[in-house]
Amino acid sequence: MCGIVGYVGSKSVAQVLLGGLARLEYRGYDSAGIAVIENGELNVVRRVGKLANLVNALEASPAEGVTGIGHTRWATHGRPSEGNAHPHADCSGRIAVVHNGIIENYIELRTELTTTGHVLSSETDTEVIAHLVESYYAGDLVEATSKAVARLEGSYALGVLHRDHPGEIVAARKDSPLIVGKGEGENIVASDIPAVLEYTREVIPLHDGQIALVSADAVRIFDEDGSEVAESETEIMHVEWDLEAAEKGGYEDFMLKEIYEQPKAIRETLRGRFVDGQVQLSELVMSEEEALALSRVFIIACGTSYHAGIVAKTLIEQWARMPVEVQVSSEFRYSDPIIDDETLVVAITQSGETADTLAGVREARERGAKVIAITNVVGSRVTREADGVLYTHAGPEIGVAATKTFTAQIAALTVLALKLAQVKGTLDDERTRYLWDEICVIPAAIETIFAEAPAIERCADEYYNSASMLFIGRGMGVPVAMEGALKLKEISYIHAEAYPAGEMKHGPIALITEESPVVAVTIQGHTYEKVVSNIQEVRARGAQVIAIATAGDADIKPHAEHVLPIPATPESLSAIPASVPLQLLAYYIAKKRDCNVDQPRNLAKSVTVE
């Protein structure tokens, strides 16, 4: 949530900040602002709405300087307004703060500050931080920031600016991502990597409790106790992908680009994972004996990652014959889960910073479980809190609605399921080799689906004005339907629900009308005839049907107005190819409704607050 950029160097800071914020606008976009040290004064410019409104304001009245901080906001406390936009200043107008996170004790702090004479003008929790820094400031900005954050309960990533420190930014983090990009004669603070790539690919991920003093020529990092971290002990991460990978590359939208990047993302995630008939998964961080002793698996995730977890449940149970429970991360730690040292907990988080999933990781480790994380972001917080990490190699995903990271997660989880089956001895070598060969042709299968894009767009032409849509499936088709419904409502704002097709008669069929299309995942497999029967039930009540079906399936055509084919794939591996037409369908419907597919309303890419 929210995007932070800070810059110290020799370039025009306003242009650097605006460029960085444009690359982080997927993190928050209900307001934006910058603070620049200009001629010894603090110049704060804020605007409600899209970043373009801030750009227009700065074109009309430029902010000159070489040190500044910027922010795009996703509202948590206080409605979207110019007064609630960041940066927030103190009473004196000398200090400015940008913040990502939630300060849980801000009401208590606000009362204390107003009692002692501070005047706060916004509805936000962030403003109290600026006034706390002011109250502790005695010439040392790092010390004042350290004392201020010691009073905070909750999560934060901070950029702090003081007009009397014109060549410095102080940054701090706890439970929210923050990095420092190290350049030549310039350094950049940001909440995500795309904001720094134009200037450097060398990145320092700040750890919880750390405070950084950032100048043009140096980055000094201090631990929570105030001791300075030696430069030799500072973790510097080299980012493998470049700015071009984070740009649209000729596509109209990031989402469409990322849909078409899925074959590459899956190939990269699978690369090097199968050698001499053995699945390579050193990330399990346990011996074969310890892995063999595992009695069950618990998967925690949110949103799209949760749907990937449901796919993994089927694979692990079928192949490794281990019981698997999948739970939404936000419910996990409040449910008193039954886990122990024979439990493997798999935490799935695209960003590696999802607050609820991180809390679940801590809960699982406290109860003695081994935890492996599935994430797309090297150096993210989950990589430091889990016992092991299995990376997806999807590259940057800018579109808020997950596409390539979802299918890459399924690919990684498929590798995990195969490895557990090999350890348990529940799949023989011949079957394992067969499944691996079938997994490896899925990227090519997706590429054939792209040839169906015109037909999918024609289908969208007929249904983009629908008020509601129902998604159904059985077996592996259930999580595919769930993800398809989520994609549609995320980016088109059409009400959509997903159900196991066998549940239709237990309530959902009451919603069926001629105006409510039904999307049915109808892949060839052991429940195929059952799904066809369920399709006949909805058609008998006037619904039109869009079927996701195996290419060459002539039997489904009489039962659907539209058939979107996917290449023949083993049923257990069908989730990835079956999801791609639904991504494209949601995309085209949203575009025809003039929706911003990259920045859906009320949503942000990374949910870093509870």
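Glu143 is partly exposed, with a relative accessible area of 36%; partly exposed covers the range between buried, under 20% relative accessible area, and exposed, over 50% (1.4 Å probe, protein chains only). This is a predicted model, in which local features need pLDDT of at least 70 and side-chain atom pairs count only at pLDDT 80 or more, while totals for chains, interfaces and linings use all residues. Residues are numbered from 1 along each chain as its sequence is written, and side-chain values use heavy atoms, with hydrogens and water left out.

Glu143 forms a salt bridge with Lys147, and their closest N and O atoms are 3.7 Å apart. A salt bridge here is a side-chain nitrogen of Lys or Arg within 4 Å of a carboxyl oxygen of Asp or Glu. The two residues are separated by about one helical turn because they stand four residues apart in helix α5 (residues 141-149). Helices (H or I, at least four residues) and strands (E, at least two) are DSSP runs, numbered from the N terminus. Lys147 is also partly exposed, at 40%.

A second pair is Asp208 and Arg381, whose closest N and O atoms are 2.2 Å apart. Asp208 is partly exposed at 29% relative accessibility, whereas Arg381 is buried at 8%. Both belong to a network of salt bridges that also links Arg173, Lys174, Asp175, Glu353, Arg362 and Glu385.

In the whole structure, a search finds 37 salt bridges.
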